[in-house]
Amino acid sequence: MGACAHRSGQPASHPQDSLSHQDSSKDAFFPVADYLEAEIQRIDSFPEALRKFTTRDGRTDSAYIQLPEFNTLALQFLLPTFSDGSFEKQYTESSIMDRSTETVTLTYSPTDKDLPLQRVDVVTVAENGVNKVRSVYLENRKVAGDSVIFQKLYWQTRHQFQIVSLISVKSQPAVGQQIKVVWDPEEDNE
């Protein structure tokens, strides 16, 4: 994983020596969009059933979905910030290593609190000496007319994703919705 690699000009440190660090280097961010695109393409290429759970007002409905609907939902993770070059310019990276779980969390925060993408967390776990992505979490805010949509998006590698949306319209109560799409029900332990 390139984002955890030692960068020239920084003193070498061992993971056991430090649990966290701030990194101002912008040239080694984890390739979030590339990773998510690869996950989406992997799912497009295998014949597993895709099951969608939609929760509104405390009620959950479920249905099997086809790839076009899966792709429409999954593409919400590929935000313009990742493709327009602003991610590396307008966000900072920090990382935390948890020795007990052998995970590393890379957190990306905006330098301007008014940017739509408010947070990115990439969680990796060590497997056979290699860090593998366990999950990606995004917090994003969209403004459309007099509506504000706040989304929390969670992608669990090779298993499922969730999109939690809270829609606020002026002078009306906020409306929430959770969509969960699972493609590996054998591991559905949540």
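Predicted model: local features only at pLDDT ≥ 70, side-chain atom pairs only at ≥ 80, totals over all residues.
The structure contains 13 aromatic pairs. In one of them, the ring centres of Phe 70 and Trp 183 are 5.8 Å apart and the planes meet at 85°, so the arrangement is edge-to-face, the class for angles over 60 degrees. Phe 70 belongs to helix H2 (residues 67-74), whereas Trp 183 lies in the segment after strand E10 (175-182); the pair therefore ties together parts separated by 113 residues in sequence. Both partners are buried: Phe 70 has a relative accessible area of 0%, and Trp 183 is at 2%.

Trp 183 also pairs with Phe 161. Here the centres are 6.0 Å apart and the planes are at 50°, a tilted geometry. Phe 161 is part of strand E9 (residues 160-169), and 22 residues separate it from Trp 183 in the segment after E10, so this pair too links distant parts of the chain. Phe 161 is buried, like Trp 183. Elsewhere among the aromatic residues, ring pairs join Phe 29, Phe 82, Phe 87, Tyr 91 and Tyr 108 into a cluster.

In soluble globular proteins, nonpolar side chains tend to be buried together. The largest nonpolar core of the model comprises 36 residues, and Phe 70, Trp 155 and Phe 161 have the most contacts inside it. At least two residues of this core come from each of helix H1 (32-44), H2, strand E5 (103-110), strand E6 (117-127), strand E7 (130-144), strand E8 (147-156), E9 and E10. The greatest contribution is that of H1, with 6 residues.

When neighbours within four places in sequence are set aside, Phe 70 is in contact with Ile 40, Ile 43, Asp 44, Leu 50, Ile 65, Trp 155, Phe 161, Val 181 and Trp 183. This list includes both Trp 155 and Phe 161, which are named with Phe 70 as the residues with the most contacts inside the core.

Phe 70 also takes part in the packing of H1 against H2. The axes of the two helices are 11 Å apart and form an angle of about 170°. Because angles over 145 degrees count as roughly antiparallel, H1 and H2 are assigned to that class. On the H1 side the contact is made by Ile 40, Ile 43 and Asp 44, and on the H2 side by Leu 67, Phe 70, Asn 71 and Ala 74. Of the residues in this contact, 5 are nonpolar, 1 is polar and 1 is charged.

Note on methods: Residues numbered from 1 in each chain as written. Heavy atoms only, no water. Phe/Tyr/Trp six-rings, centres within 6.5 Å; stacked < 30°, edge-to-face > 60°. Helix = DSSP H or I, 4+ residues; strand = E, 2+ residues; numbered from the N terminus. Buried < 20%, exposed > 50% of the residue type's maximum accessible area, 1.4 Å probe, protein only. Core = buried A, V, L, I, M, F, W, Y, C linked by side-chain atoms within 4.5 Å. Contact = heavy atoms within 4.5 Å. Axes fitted to C-alpha atoms, helices over the stretch in contact; angles between N-to-C directions. Parallel < 35°, antiparallel > 145°, perpendicular 65-115°, else oblique. Nonpolar A, V, L, I, M, F, W, Y, C, P; charged D, E, K, R; others polar.
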